[in-house]
Amino acid sequence: MPRLRTVLNRTVLALVGLLLLALAGLVLSRAPWAPHLPTPWPRPGPHAVLLNADRLPRLRTHGWWTPTVLAGSIAATAVFALWCARQLRSGARPVVPLSAPDSALRTRALEDAVTHQAVAIAGVAGCRTRLLGRHNHLQVRMRVWLHPDTTPADVLPALTTLADRTESALAPHTVRTQVRLSARSHHGRRIR
């Protein structure tokens, strides 16, 4: 689901960017220096408008004009409202109910605890943890960066123990842990 949201966000941003670029091109083509632009650009008169008072009534006489504009406006408003509502809803971090009565665990607290324990393992340079999923199916994703001279075999037993402890802490839920290992390079940062 997060990948779908990322793709949707980037698509919306790209479309809004293209729309703004087209509007900027339209405004720039009507500037006083427009005659100096390359030939494919339209060259309207100095006081020309997009829809003048003569052309708008002619468009309204067509049977398709009003329903098309109305349907397009309603669809654009509905899509934008749903997108905004989805963005607002995704900001809240959920809680995971535990097996003890009236107990719950904030996902952010679990992510922070797992991250701190992973960074405490010898050979681990950094870690980022995310808890995903709903209801009884949870997924713990760990991105672990290793020090340059550390091999994955050095840290895997400790990470397996950490994953087992995390899964047992979330006992009534089905938990799957995914660990992605990366190595930091030997090279230091370049200063220019």
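Leaving aside its neighbours within four places in sequence, with which residues is Thr150 in contact? Thr150 contacts Gly123 and Val155, where contact means heavy atoms within 4.5 Å. Thr150 sits in the loop between β4 and α5. With a relative accessible area of 16%, Thr150 is buried; buried stands for under 20% relative accessible area, exposed for over 50%, and partly exposed for values in between (1.4 Å probe, protein chains only).

## Basis of the model

This is a predicted model, in which local features need pLDDT of at least 70 and side-chain atom pairs count only at pLDDT 80 or more, while totals for chains, interfaces and linings use all residues. Residues are numbered from 1 along each chain as its sequence is written, and side-chain values use heavy atoms, with hydrogens and water left out.

The predictor's confidence in each residue is given as pLDDT, from 0 to 100. The chain has a mean pLDDT of 79, and 78% of its residues reach 70 or more. Among the elements, α4 has the highest mean pLDDT (90), and helix α2 (residues 55-60) has the lowest (73). Where pLDDT is low, the predicted coordinates should not be read in detail.

## Overall organisation

The chain contains five helices and five strands. Both are DSSP runs numbered from the N terminus: helices are H or I with at least four residues, and strands are E with at least two. Along the sequence the pattern is α-α-α-β-β-α-β-β-α-β.

Of the 192 residues in the chain, 21% are buried. Among contacts with a separation of 6 or more, 48% are between residues 24 or more positions apart. The accessible surface of the chain is about 14500 Å², and carbon and sulfur atoms account for 63% of that surface. Accessible areas come from the Shrake-Rupley method with a 1.4 Å probe, and for residues only the protein chains shown count as cover.

## Nonpolar core

The largest nonpolar core has 18 residues, of which Leu131, Met142, Val144, Leu159 and Leu170 touch the most other members. The elements giving two or more residues to this core are α4 (107-119), β3 (124-134), β4 (137-146) and α5 (152-169). Strand β4 supplies the largest share, five residues. A nonpolar core is a set of buried Ala, Val, Leu, Ile, Met, Phe, Trp, Tyr and Cys residues joined through side-chain atoms within 4.5 Å.

Neighbours within four places in sequence aside, Leu159 is in contact with Ala118, Ile121, Met142, Val144, Val179 and Leu181.

One salt bridge is found in a search of the whole structure. The term covers a side-chain nitrogen of Lys or Arg within 4 Å of a carboxyl oxygen of Asp or Glu. Arg108 forms a salt bridge with Asp112, and their closest N and O atoms are 4.0 Å apart. Both residues, Arg108 and Asp112, are in helix α4, four residues apart, about one turn of the helix. Arg108 is partly exposed at 45% relative accessibility, and Asp112 is partly exposed at 36%. Side chains of opposite charge can pair when their charged atoms come close.

Helix α4 also holds His116, which is exposed with a relative accessible area of 60%. From C-alpha to C-alpha, His116 and Gly126 are 9.1 Å apart in space and 10 residues apart in sequence. Arg165 lies in helix α5 and is partly exposed, with a relative accessible area of 48%.

## Loop between β1 and β2

Asp102 lies in the loop between β1 (95-97) and β2 (104-106). Although Asp102 is not a glycine, its phi is positive, at about 55 degrees. Most residues other than glycine have a negative phi, and most peptide bonds are trans. Asp102 is exposed, at 87% relative accessibility.

Ala100 is in the loop between β1 and β2 as well and is partly exposed at 39% relative accessibility. Ala100 and Pro172 are 72 residues apart in sequence, and their C-alpha atoms are 9.9 Å apart in space.

## Surface patch

Val16, Leu19, Leu20 and Leu23 make up a nonpolar patch on the surface, with about 370 Å² of accessible area together. Patches consist of residues with over 30% relative accessible area and no salt bridge, with like charges joined within 9 Å and nonpolar side chains (Val, Leu, Ile, Met, Phe, Trp, Tyr) within 5 Å. Val16 belongs to helix α1 (residues 2-29) and is partly exposed, with a relative accessible area of 42%.
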